[in-house]
Every structure is written in structure tokens, then in C-alpha cells.
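My entries follow in the order in which I made them.

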Amino acid sequence: MNSPGPKATGYNFGYLDEQTKRMIRRAILKAVAIPGYQVPFASREMPMPYGWGTGGVQVTAAVIGTEDVLKVIDQGSDDTTNAVSIRKFFVRTSGVRTTTSTADASIIQTRHRIPERPLQAGQIIVYQVPIPEPLRFLEPRETETRRMHALEEYGLMHVKLYEDIARHKTIATTYAYPVKVDGRYVMDPSPTPKFDNPKMDMSPALQLFGAGREKRIYALPPYTKVKSLDFDDHPFEVNRFTTPCGLCNATGVYLDEVILDDQGGRMFACSDTDHCETRRVDGHRGLLLGDAHGQVGGSRHGDD
Amino acid sequence: MAMTDDAPLLVANGLTKRYGHRIGCENVDLTLYAGEVLAIVGESGSGKSTLLQMLSLQMMQTRGDISYRMRDGQMRDLTLLNEAERRLLMRTDWGYVSQDATLGLRMSVSAGGNVGERLMGLGWRHYGNIRNEALDWLDRVEIDRNRIDDAPRAFSGGMRQRLLIAKNLVTKPRLVFMDEPTGGLDVSVQARIIDFLRGLVADLDLAVIIVTHDLAVARLLSTRIMVMRDGHVIETGLTDQVLDDPHAPYTQLLVSSVLQA
Amino acid sequence: MYVAVKGGEAAIDNAHRLLDLARRGDTTVPELSVDQISQQLALGVARVMSEGSLYDRELAALAIKQARGDLIEAIFLTRAYRTTLPRFGYSIPVDTNAMRISRRISATFKDLPGGQILGPTFDYTHRLLDFSLLQSTVPDTPLLAGSGLDATPRVTDLLNRDGLIEANPIQECDDVGDLTRDPLEFPATRDLRLQSLSRADEGFLLALGYSTQRGYGRTHPFVGEIRIGQVDVELFVEDLGFAVNLGVIEMTECEMVNQFHGSAEQPPQFTRGYGLVFGQSERKAMSMALVDRSMRAQELGEELSAPAQDVEFVLSHCDNVQATGFVEHLKLPHYVDFQSELQLVRRLRGEHAAAQSPSSTAAVLNKEAAE
């Protein structure tokens with residue numbers, strides 16, 4: 001765990017001014033009060049591009065305190081470039097402690113994954129959301145989609161699923177798979193793979209969603225029912241992997257496919273790098289880990 | 001609390017629409033009973049489409065009331081429905097068949113998806129049941145079952161119109177509005193659609209309000225007729241009586257011009 | 001054996017060092033000063049101020065330098081800085097009637113009170129590369145009109161006197177919205193539409209304005225007037241009870257005069273489209289005026305058929321900071337979602353192959369097992 005770093009001078013704690021944070025917290029409170037409902041908020045221009053996590057960063061900045069321990073992941077990994085960049089931003093502007101350990105984090109900001117280790121009560125997970133509107137690709141007009149949510153007219157959403165089955169014999173949505181929240185609002189879970197959808201259901205953690213460019217915040221309070229849309233005779237299914245992780249031998253986790261050469265050689269490894277490393281420290285070994293016993297991925301390519 | 005079957009389904013009083021100083025239609029009274037087919041005829045600009053738009057709640061009247069007997073038997077003032085109630089009514093107990101089927105269909109969604117949309121909107125969540133219902137309706141509107149996964153983009157005009165009818169009737173509405181439903185079609189196709197509309201109306205005991213400029217369509221489909229000119233109703237009665245023995249000079253002119261044609 | 005790639009942080013730091021080096025270029029060539037950019041690339045500076053919505057020449061020039069001349073990147077830098085600034089209040093509306101004019105032209109009248117003033121313009125220059133600029137040059141001294149130009153009334157006011165043009169559709173009101181403080185919701189009122197357009201991407205507005213001229217929502221525009229010059233910015237101070245001058249800024253204003261057929265209630269009348277931007281930027285102000293007018297189609301009872309008339313479409317896509325962020329975010333890793341899609345496509349292809357040739361089912365299953 002990193003210790004608190006120096007604060008960048010000239011900016012308020014967490015970059016945003018207190019008034020802006022209050023505005024965002026009000027939006028968050030409203031979002032928590034109406035689970036799954038998209039609350040418009042006056043998203044600020046952030047010193048990182050729209051679409052690169054400005055919504056998540058604003059939500060995190062609004063809820064973070066000096067005692068918090070922050071974990072940032074992108075694609076499940078703490079070490080992907082954008083995760084590194086966002087973590088650095090908070091170290092610079094708030095000086096809070098950071099961690100790569102899911103268990104030790106009080107706030108986890110994520111793009112595209114939910115950690116494999118079940119979240120705990122008291123933790124907050126903040127999702128970066130590019131397009132918060134689950135109906136957007138069926139109906140491009142904001143005025144119309146807002147009305148559809150207000151009147152709970154979600155037939156069109158099922159038309160999309162119906163069309164998938166008619167064409168492919170299966171629901172062909174693999175990520176950003178729409179869910180119904182607490183029996184009321186249809187919500188975009190952010191572009192996580194549908195593999196992660198069940199983790200949202202009845203989670204003890206507070207789940208917050210920030211879309212900066214589209215200026216929306218929504219939330220799932222702890223222990224909220226989250227149901228993936230489906231048909232009775234075509235129930236929701238998660239993706240399954242036939243091989244275990246090549247590094248830690250985990251099964252039932254989400255795997256990245258890694259191309260090893262140009263001869264079709266490839267391997268599968270945990271997308272959640274913290275989960276994988278923790279398992280290896282605990283002595284689990286995958287087929288491709290080699291001899292470096294319990295080695296936690298260093299900063300170099302290993303020898304073949 | 002349900003009323004008897006001889007209570008009217010839809011009652012309109014003093015319906016008026018003004019566009020500034022121009023009259024769209026004025027002081028129209030109308031009563032429609034379950035299972036009854038009412039034709040509104042007139043030339044373009046007579047106000048018949050304006051009237052249909054108001055009755056089907058797609059346009060707000062300037063003055064007048066419309067009330068409707070809901071499925072629970074209660075007569076409700078339609079202007080007092082909230083938006084959710086209004087939209088539910090429009091997609092369950094009502095149908096709307098326009099001249100241009102592309103307005104009512106989702107052109108890139110399969111025929112099955114189009115027919116199933118209202119069912120899914122009502123909470124149907126069994127793919128197999130939705131599909132069977134859609135197949136059943138394709139049979140009824142005489143579209144080949146094998147076309148169920150094709151989008152209406154690939155359909156002929158007559159097929160689109162029949163698909164639109166299936167899409168509207170799948171929730172077993174009690175009232176269907178039709179605006180020149182055979183308007184853009186070839187004569188032979190028109191005849192077939194009218195024929196099968198007659199069958200459906202009888203089978204399903206549908207009430208229909210149909211707007212047409214074509215007196216032949218009105219004669220074949222409707223039991224009662226309302227003749228409009230310049231925003232006013234100038235003659236109303238049983239269709240056969242009005243067309244065989246028109247009283248108003250304008251109706252006489254309309255009827256004779258059809259005979260001459 | 002395989003070890004996952006790590007070291008993103010070091011890679012990022014090094015990439016940024018490379019960027020610094022590339023920005024500076026060949027160190028034997030003198031470094032650009034911010035003053036040079038501000039003085040000699042003034043129209044680029046104007047664009048950054050306008051779309052960055054921050055009137056500060058020095059900061060805009062700095063942003064251009066830092067962005068290596070990438071104006072959208074410079075606009076982004078300016079916006080990100082602007083959003084951290086505290087708000088002291090809102091100025092009273094600038095009075096462009098009182099503009100100290102450096103350029104003013106009308107296309108609707110040959111001559112008019114105040115005259116046509118060409119000012120510094122590319123118009124009527126022959127677009128021939130001037131090779132003398134390869135060396136340092138000292139420009140000729142132009143003749144300047146004497147000070148104390150007569151008042152320059154607006155063309156639209158002249159038309160308004162005879163009722164030939166609609167009254168200004170925005171009335172004075174207290175509750176002008178603030179796009180940067182409240183989320184934009186639709187339908188958007190004209191104050192918010194104009195704010196949005198004034199910050200909008202010049203290229204996007206240019207293309208939309210152009211499309212209206214080519215028939216996608218035609219509005220029959222005439223340039224009533226373009227004026228460029230300096231205006232005072234004043235803040236009403238409650239404690240003092242009067243407005244104090246905060247400074248002087250340069251602006252470009254364009255008023256389009258557009259055709260309108262009238263209706264049963266209203267006699268035919270010209271209608272307005274309005275453009276106002278920081279600095280000298282006629283192209284932007286004119287495009288803005290065209291698009292503003294097109295977006296009034298519904299209010300004026302015109303048929304809605306063209307992109308430029310679609311308020312939600314225009315306002316949702318006109319901001320280049322939003323657009324560039326979202327387009328460019330596609331280069332962020334997406335491999336988790338891509339993995340999901342890969343799995344599905346492999347499975348569907350397997351099922352497809354099996355259905356196409358039942359005899360080869362065994363082969364497909366074998367292949368799948370191998371995966």
C-alpha cells in the first residue's frame with residue numbers, strides 16, 4: 001500500500017472545489033434514493049478527456065476523504081495506462097493512500113470490470129460510464145428515452161433481445177448487458193462484460209456510476225436487486241471459459257486472451273490482476289507460470 | 001360497476017379544433033358502440049383527419065370532450081388521463097392503422113419483433129410464446145410464416161399494411177382507428193385488404209373509426225357514416241341509407257361523382 | 001513461461017518526456033515565445049479563446065504552444081483551466097452597439113450609416129503564397145480612418161424601424177441559463193443554444209451552416225451585418241449600485257437576415273439568425289448565425305427535415321472537447337469487452353458451420369475443443 005503522497009499545490013483536495021463536490025454529492029444522494037435512475041448533473045470539464053473516465057473521476061473526487069484508500073482498475077488491471085493515470089491524478093490532487101488490493105480499498109474506481117473478490121459492506125465501487133442510456137441505440141433522442149423511463153415503457157428493450165434470438169438463437173449482447181434495477185428502472189451496467197452482471201445483484205457495497213460527457217450519475221445502494229433482462233425460455237447466461245487461468249489456475253473468473261506468437265499460440269490469464277497475484281502468493285500455480293515459484297508479475301517480460 | 005354492453009364505447013361532444021382563426025373542425029358530436037364501424041368521409045381539407053387525430057389523442061382539441069369506456073367498464077374523460085394511462089390505452093386497447101405503414105412499423109425489426117413489441121411492452125417474457133403468437137397473427141393476416149424473421153423493408157406495400165394491422169391487433173384492442181388504410185395501394189391489393197379487414201372486424205368484434213375519401217371503402221366496411229365538409233358534419237346515418245338516399249346536396253354530389261367515375 | 005506486462009507508470013512518464021522533446025523540436029531553432037504566438041498567430045488564439053470560452057490571449061497562446069499547434073488540444077487545455085476558476089458573478093450583456101469597430105460590412109445595402117469598413121481581412125487577397133514572408137518583413141503602414149467615426153447603427157435596427165424584420169426573439173431576462181453550471185436538457189432554450197454554439201467547433205458549425213445553404217433546411221440568408229471590434233465588459237456591483245468596467249475584449253458579431261413567408265396572422269417579415277464569438281472569427285460567427293436560424297425552424301413553424309434544424313442533434317455533437325474525448329477514447333484498452341465478443345463470434349461461427357454441413361459437426365466440435 002502506498003503512503004499518502006504530496007498534494008499538488010494550487011488545487012483543492014481532490015481537485016474539485018467544495019461547491020462542485022456538494023453539487024455532485026446532491027446528485028449522488030438523489031441517485032441512491034432512486035436506484036437506477038439517471039440523475040443529470042453539471043459535469044465539469046476535467047483535466048482529462050471526456051470518455052476517459054471524467055464521470056468516474058468526478059464521483060470519486062466528490063466522495064473521497066483523507067482516510068480513504070483508493071484502488072483504480074481498467075480492464076480489471078491496476079497497471080493499465082489509464083488506471084495508472086487516474087490513480088496518479090488522485091495521488092497528486094488528494095494525497096490519499098492507494099492500493100492494488102481489492103480487500104484493502106475503501107473506494108474502487110473501475111472501467112469495464114468488477115473485481116473477482118466479492119465487495120464488502122462499506123466499500124464504494126465507482127464505475128466509469130461512456131453512454132449511460134441503455135435505450136440509446138434503440139432510440140437516439142434524449143427527450144424520448146427520458147419519457148420511456150418515466151413511463152416504464154421498456155418493450156423496445158425486449159424487442160432488441162427478441163431480434164437477437166431470432167437471428168442468432170441466443171442473446172448476442174456480451175457487454176453493457178442491460179439490467180432492471182429493483183423492478184423499476186432499466187439501467188446500463190457500464191461496459192462491463194455480462195460475466196460481471198451477477199456481482200451487481202444484492203452487493204453489500206455502494207455502487208456509483210458517473211458519466212461525465214453525458215452528464216449523468218446513477219447508483220445502486222447496497223443490497224439492491226439487479227436482474228439482467230432475459231426471456232423465461234432464454235435465461236440470462238454468463239460467459240464461460242473452458243480453460244483455467246494459465247498463471248494462477250483459477251476457474252470461474254474472467255480471463256484475458258493473450259496472443260503469444262504469430263503461429264496461433266495463445267494463453268488465457270485472469271483479467272483481475274490483483275486476484276491473480278493474490279492467488280499466486282497463496283501458492284496456486286497455472287500451467288504456464290513456469291518455475292518462478294509464486295512470482296508476482298514483475299516489471300519485465302519473462303523469458304520464454 | 002361494469003356497464004351493460006349497450007353503453008357506448010366512445011362519446012365525443014362539441015369537438016373543435018382551431019388553427020388560429022382557421023377552423024380545423026367544429027362542434028362534432030359522435031357516439032360509437034362496441035363492435036361498430038363508423039366511416040368519416042369527405043374531401044381533403046374537410047376536417048376528417050383532424051377529427052381522427054383528436055379522437056385518437058394524437059392532437060389536443062381546442063374545445064370539447066372525449067370520453068371512453070375503459071376495460072374495467074368505467075367511462076373516463078380522456079383529457080384527464082395522465083400520460084402513462086394515455087400511452088397504455090393507446091398501445092393496448094386501441095390500434096392505429098395509418099395510410100403509411102412505415103410510420104407504424106419498425107422497418108429494420110423483423111416481422112415477428114414488430115408483432116411481438118406490444119406483447120413485450122405488456123410484460124410477456126417467454127420468447128416461444130411471443131413467437132407463436134406472432135406466427136398465429138401472420139397466418140391471420142395472410143403473411144407466409146417463413147417471413148417471420150424478415151424485416152418489413154423487404155415487404156410489398158400490401159404486406160406491410162397487413163403486418164401493421166397484425167401489430168395493432170395482437171393485444172386484442174376494442175377500438176381501432178384507421179386513416180385511409182388502403183390509400184397507397186393498387187386496386188387489387190385494396191380489395192383484398194378490405195375483404196380481410198371485414199373478416200377481422202367481425203371475428204374480433206372490433207369497433208373501428210375509419211377515415212376515407214373513398215365511398216366504396218366506406219360502403220364495404222362501415223355500418224354508419226359521417227359526411228364532413230369544411231370542418232362540419234353535414235350528414236350522418238346508416239351507411240347504406242346515406243349512400244343510397246343522400247339528403248344533403250353535398251352528399252348527393254359526392255355520391256353522384258363516384259357513380260360517374 | 002509468461003509474465004504479464006507491467007510498468008505502465010514508467011512508460012507513461014517516459015512518453016511524456018518524449019512529448020516535451022518533440023514539442024521543442026530542433027533546439028538550434030529559437031523557441032517560440034507566447035508573445036509571438038499571441039501577436040502573429042492571432043486568429044488561432046482567437047479560436048482557442050472562443051471555443052475554450054476563456055478570454056485571455058496569453059493563456060490561449062500558452063495553450064497553443066503547449067499543444068504543439070493542435071488547436072483542439074489547446075481548447076481542451078483552456079477549458080480544463082477555466083473550469084477551476086472561481087465565479088465572481090455574471091457581467092451585464094456586452095453592448096455591441098457601442099463597439100469600437102475595426103471592421104464592419106453589410107451585404108444587404110450598398111451603403112449605410114457608418115459605412116462599410118473592410119478592416120484587416122483575407123477577403124480579396126489573392127491566395128498566392130507570399131514568398132517574401134520566408135524572410136522577416138516590415139509591413140507597409142496602412143491609411144487609417146480618422147477617429148470619431150459616426151455612430152454605426154445596426155442593419156437589423158434599420159429594418160426593424162419599418163417592421164420588416166421580427167423583433168429580437170430574445171427578450172431581456174434575468175434568468176439566462178449557464179451551460180457550464182447546469183446540465184443541458186432538451187428542449188433547450190435559445191440562450192443555452194447560443195452559448196453552446198459560441199463554444200462549438202468551428203468546423204462542425206461551418207459544415208452545418210454550409211448544409212443549410214445547399215438545401216438541407218434552407219433559410220435564404222443575407223448577411224445583414226458583420227462587425228468586429230472592441231467592447232467593454234461591465235459588472236454590476238450590488239454594493240456600489242452601478243456597473244464597473246472590467247476591461248475590453250474583441251468580438252465578432254454576425255446578424256443574418258433570413259426570409260420568412262409569414263402566416264395568416266402575421267404579415268411576411270424577415271427573421272434573424274445570430275452569431276457572436278470572441279476575437280476575430282467571421283467564419284465561425286457566420287456559421288453560428290446560420291445554424292442558430294436553422295434551429296429556430298420549429299418555433300417558426302417550418303418543416304423539420306435537416307440536421308441543422310435538429311436542436312438535440314446539433315447541441316449534442318457540436319462540442320469538440322466532448323467529441324475528441326469520446327472518439328479518441330476508442331484507443332483505450334477495450335480487451336475485456338472484445339474478449340466477450342470474440343467468444344460469442346467463435347461460438348456462433350461454430351454453430352453456423354455445424355448447421356451448414358451436418359457431416360462436419362464432429363470436425364467443428366473437435367476444433368472447439370482445441371480452443
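**Strands of chain C**

I looked up C:I101 and found that its bridge partner in β2(C) is C:G229. This is a predicted model, so I kept to its limits: local features need pLDDT of at least 70, side-chain atom pairs count only at pLDDT 80 or more, and totals for chains, interfaces and linings use all residues. Residues are numbered from 1 along each chain as its sequence is written, with chains lettered from A and ligands numbered from 1 in the order in which they are written.

I took helices (H or I, at least four residues) and strands (E, at least two) as DSSP runs, numbered from the N terminus. Two strands pair if DSSP finds at least two bridges between them. Strand β1 (residues 100-105) of chain C runs antiparallel to β2 (residues 221-237) of chain C, with 5 bridges. I then followed β2(C) to β3 (residues 242-258) of chain C: these strands are antiparallel and joined by 16 bridges. C:P221 has C:N258 as its bridge partner in β3(C). The hairpin of β2(C) and β3(C) has 4 residues between the strands, and C:G241 there takes a positive phi near 85°.

**Chain C overall**

I noted 13 helices and 4 strands in chain C. Of its 371 residues, 29% count as buried, that is, with 20 or more other C-beta atoms within 10 Å of their own, C-beta atoms being placed from the backbone.

**Chain C against chain A**

I counted two residues as in contact if their C-beta atoms, placed from the backbone, lie within 7 Å. The contact takes 39 residues from chain C and 56 residues from chain A. On the chain C side, α1 (8-24), α5 (71-82), α11 (320-328) and α12 (335-356) each supply at least two residues. The largest share of that side, 10 residues, comes from α12(C).

**A sheet in chain B**

I traced an open sheet of 6 strands in chain B, with mixed pairing and the order β6-β7-β8-β3-β9-β10. Its edge strands, β6 (94-97) and β10 (232-238) of chain B, each pair on one side only.

I looked next at β3 (residues 37-41) and β9 (residues 224-229) of chain B, which run parallel and are joined by 4 bridges. B:I40 stands opposite B:M226 in β9(B). Helix α1 (residues 48-55) of chain B packs on the sheet, where it touches β3, β7 (175-179), β8 (207-212) and β9 of chain B.

Notes:
Axes are lines fitted to C-alpha atoms, for helices over the stretch in contact, and angles run from 0 to 180 degrees between N-to-C directions. A residue is buried if 20 or more other C-beta atoms lie within 10 Å of its own, exposed if 12 or fewer, and partly exposed in between; C-beta atoms are placed from the backbone.
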